[in-house]
Amino acid sequence: MSLEKDVMTQMKAAMKAKDSAALEALRAVKGAILLAKTENSQQELTEEQELKIVQKLVKQRKDSAQVYREQNREDLAEPEEQQAEVISQFLPEQLSEAEVAAKVEEIIAKTGADGMKDMGKVMGVASQELAGKADGKTISVIVKQKLSN
């Protein structure tokens with residue numbers, strides 16, 4: 001089932017359950033999908049494009065929640081985190097840090113990288129292989145850690 005159909009199904013369920021937080025998050029996903037379709041003038045988005053959209057929306061919500069927490073606005077941070085949780089259900093299962101570290105080590109060995117000068121090369125491959133399975137920030141931190149040793 002495509003992401004758009006899945007979102008519509010979830011929206012109907014959220015409407016019936018009168019779950020306003022989930023409904024707001026799902027509407028954001030639907031809006032982002034429609035926007036991406038009109039920008040690219042495509043009928044259907046690829047799975048990779050859908051994944052990027054969902055990742056972007058989750059990251060926006062988490063960043064907003066973090067900013068609200070720094071400003072001691074728990075009342076605004078909570079809904080953002082709830083929305084991030086609802087949206088993240090459309091992402092594939094996330095890898096643990098240990099699993100990401102193991103993959104990064106494989107990539108470093110495969111690319112023959114040694115030192116920080118090769119970070120771009122490693123990040124390019126890692127981002128592609130771990131797309132949707134791990135947060136870009138986590139990948140970046142682990143790559144820096146491994147290349148600086």
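Tutor: Axes here are lines fitted to C-alpha atoms, for helices over the stretch in contact, and angles run from 0 to 180 degrees between N-to-C directions. The model is a predicted one.

With that in hand, take helix 2 and helix 4. Their axes come within 9 Å and cross at roughly 60°. Angles from 65 to 115 degrees count as roughly perpendicular and those under 35 as roughly parallel, so helix 2 is oblique to helix 4. The crossing of helix 2 past helix 4 is right-handed. From helix 2, the residues in this contact are Ala21, Ala22, Glu24, Ala25, Leu26 and Val29, and from helix 4 they are Gln82, Gln83, Val86 and Ile87. Sorted by class, the contact of helix 2 with helix 4 holds seven nonpolar residues, two polar and one charged.

Helix 4 also packs against helix 3. Here the axes lie 8 Å apart, at an angle of about 160°. Because angles over 145 degrees count as roughly antiparallel, helix 3 is described as roughly antiparallel to helix 4. Helix 3 passes helix 4 with a left-handed crossing. On the helix 3 side, the contact is formed by Val54, Leu57, Val58, Arg61, Lys62, Ser64, Ala65, Tyr68 and Arg69. These meet residues of helix 4 that include Glu74, Glu78, Glu80, Glu81, Ala84 and Ile87. The contact of helix 3 with helix 4 is made up of nine nonpolar, three polar and seven charged residues.

Setting aside neighbours within four places in sequence, isoleucine 87 touches Ala25, Val29, Val54, Leu57, Val58 and Arg61. Ile87 is also among the residues with the most contacts inside the largest nonpolar core, together with Val7, Leu26 and Val54; this core has 22 residues. At least two of the core residues come from each of helix 1 (3-17), helix 2 (20-40), helix 3 (47-70) and helix 4 (74-88). Helix 2 gives the largest share, eight residues.

A separate core of 16 residues lies apart from this one, with Val100, Ile107, Met123 and Ala134 among its members. Met123 belongs to helix 6, where Met119, Val122, Met123 and Ala126 meet Gly136, Ile139, Ser140, Val143, Lys144 and Leu147 of helix 7. Seven nonpolar, two polar and one charged residue make up the contact of helix 6 with helix 7. The axes of helix 6 (residues 119-129) and helix 7 (residues 136-148) come within 10 Å and cross at roughly 140°, which makes helix 6 oblique to helix 7. Helix 6 passes helix 7 in a right-handed sense.

Most residues other than glycine have a negative phi. Lysine 18, in the loop between helix 1 and helix 2, has a positive phi of about 55° although it is not a glycine. Lysine 18 is exposed, at a relative accessible area of 73%. Asparagine 72, likewise not a glycine, has a positive phi of about 55° and sits in the loop between helix 3 and helix 4. With 67% relative accessibility, asparagine 72 counts as exposed.

Methods:
Residues numbered from 1 in each chain as written. Predicted model: local features only at pLDDT ≥ 70, side-chain atom pairs only at ≥ 80, totals over all residues. Heavy atoms only, no water. Helix = DSSP H or I, 4+ residues; strand = E, 2+ residues; numbered from the N terminus. Left-handed = near helix turned anticlockwise from the far one by under 90°. Contact = heavy atoms within 4.5 Å. Nonpolar A, V, L, I, M, F, W, Y, C, P; charged D, E, K, R; others polar. Core = buried A, V, L, I, M, F, W, Y, C linked by side-chain atoms within 4.5 Å. Buried < 20%, exposed > 50% of the residue type's maximum accessible area, 1.4 Å probe, protein only.
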